[in-house]
Amino acid sequence: MKKEEIVMIHGTDYVQMTLKLLEAIHLDEIIGDKTKRIALKPNLLLDDDASNGAITHPELVEGVLLYLKKHEFSNVKVMEGSWVGSRTSRAVKASGIASVCENYHVPFYDMQKDSSYPCDAAGMPLHLCSELKTTDFLINMPVLKGHCQTLITCALKNAKGVIPDSEKRRFHTMGLHKPIAHLNTVIPHGLILVDNICGDLNFEEGGNPVVMNRIFACLDPVLCDAYVCESIGYSVDDVPYIRIAERLNVGCADTSKAKVTMLNQPMNDQTNSHATGRVRKLEKYTDARDACSACYGSLIYALERLDDQGTTRGKREHVCIGQGWKDTAGEIGVGSCTKNCSRHLLGCPPKALDIIRFLEEYWQ
Ligand code: SF4
């Protein structure tokens, strides 16, 4: 797998999807030596169920552990520290990840109980949790979601789970962006496995999950987060820590260089039945017929940004989306399936940022 690659899989059997994805990218060759000490780092910021859009699905952790077992990697652990105010010990149980670790006889390390050591992160003094010292290969497993302060959170920000609580508080006093970027200069980046199953629309703590039913893998945390920005309707320059990390040589933020491979096509699995609060309100602008979650989720993210800036005010049109529009004419549509609409945006699925530009032009 090359640094510019992003490999994606769609579906609803998350354990099998994870296995297939890791086989496709040959994770065993990326890790190399079987004796390497491997750490999985999910996002467990609070005690909740993954379906609410805040934390990593336990099925992804199970898929990775199954893969590592099959390929005879035996020095494996899971580690995480919840956000300040929540207890990791409770979060890991509530998520189901504690049971997965037990079933696979893999230790879980609570970073809120770990000691720490000082380091120089590209000129910024920081403290890291001691477990990092005994990690050769990190599998970073963030949730792709919105964030009320930094707009997005994914690979780079998930690294905050391996610093002590005192550092997390200090990060907030320093404005988050700069310390997040510097932290990533001392993280042993191995693989990034992104949980893009149902991350939240706007908030780190979940509550408005946007179902997209996909998982993707990449090696470059900067490219990963840059791609995430465009996937949920922001430009890379909206999120300062990405550009700072790029300047610190953590990775490349040029999404035009990203090579995205889809192992399968999105499926027409979209259903409105689980939509809550804000997402349900945005659905009034859509006319979905057999839409794929990945496509529909992109439209929901785009509508949220447009609604925020007032562009949807007074608009009565419904945006056509889904495979059910393939042979049907409509007024305005998003996704290649709606090519019979008078105005349409191609893409399968299109990115939220492209949908925003398209609808802005149409509505203004
Ligand atoms: S364009 Fe059609 S097939 Fe492609 S993701 Fe959208 S709904 Fe699915």
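Here is a short walk through this predicted model, one selection at a time. Residue numbers start from 1 along each chain as its sequence is written, and side-chain values use heavy atoms, without hydrogens or water. Local features need pLDDT of at least 70 and side-chain atom pairs count only at pLDDT 80 or more, while totals for chains, interfaces and linings use all residues.

**Stop one: the domains.** Colour 5-262 as domain 1 and 277-363 as domain 2; these bounds come from an automatic or database domain assignment. Their centres, taken over C-alpha atoms, lie 30 Å apart. Where they touch (contact means heavy atoms within 4.5 Å), domain 1 supplies 22 residues and domain 2 supplies 18.

**Stop two: the core.** Now select Ile152, Phe216, Cys224, Ile242 and Leu359, the residues with the most contacts inside the largest nonpolar core, which has 78 residues. Such a core is a set of buried Ala, Val, Leu, Ile, Met, Phe, Trp, Tyr and Cys residues joined through side-chain atoms within 4.5 Å, buried being under 20% relative accessible area with a 1.4 Å probe, protein chains only. Helix H12 (residues 293-308) gives the largest share, eight residues.

**Stop three: two helices.** Show H12 with helix H13, residues 352-363; helices are DSSP runs (H or I, at least four residues), numbered from the N terminus. Their axes, lines fitted to C-alpha atoms over the stretch in contact, sit 8 Å apart at about 50 degrees. Among the touching residues are Leu299 and Leu303 of H12 and Ile355 and Leu359 of H13.

Conventions. Buried means under 20% relative accessible area, exposed over 50%, partly exposed in between (1.4 Å probe, protein chains only). Axes are lines fitted to C-alpha atoms, for helices over the stretch in contact, and angles run from 0 to 180 degrees between N-to-C directions.
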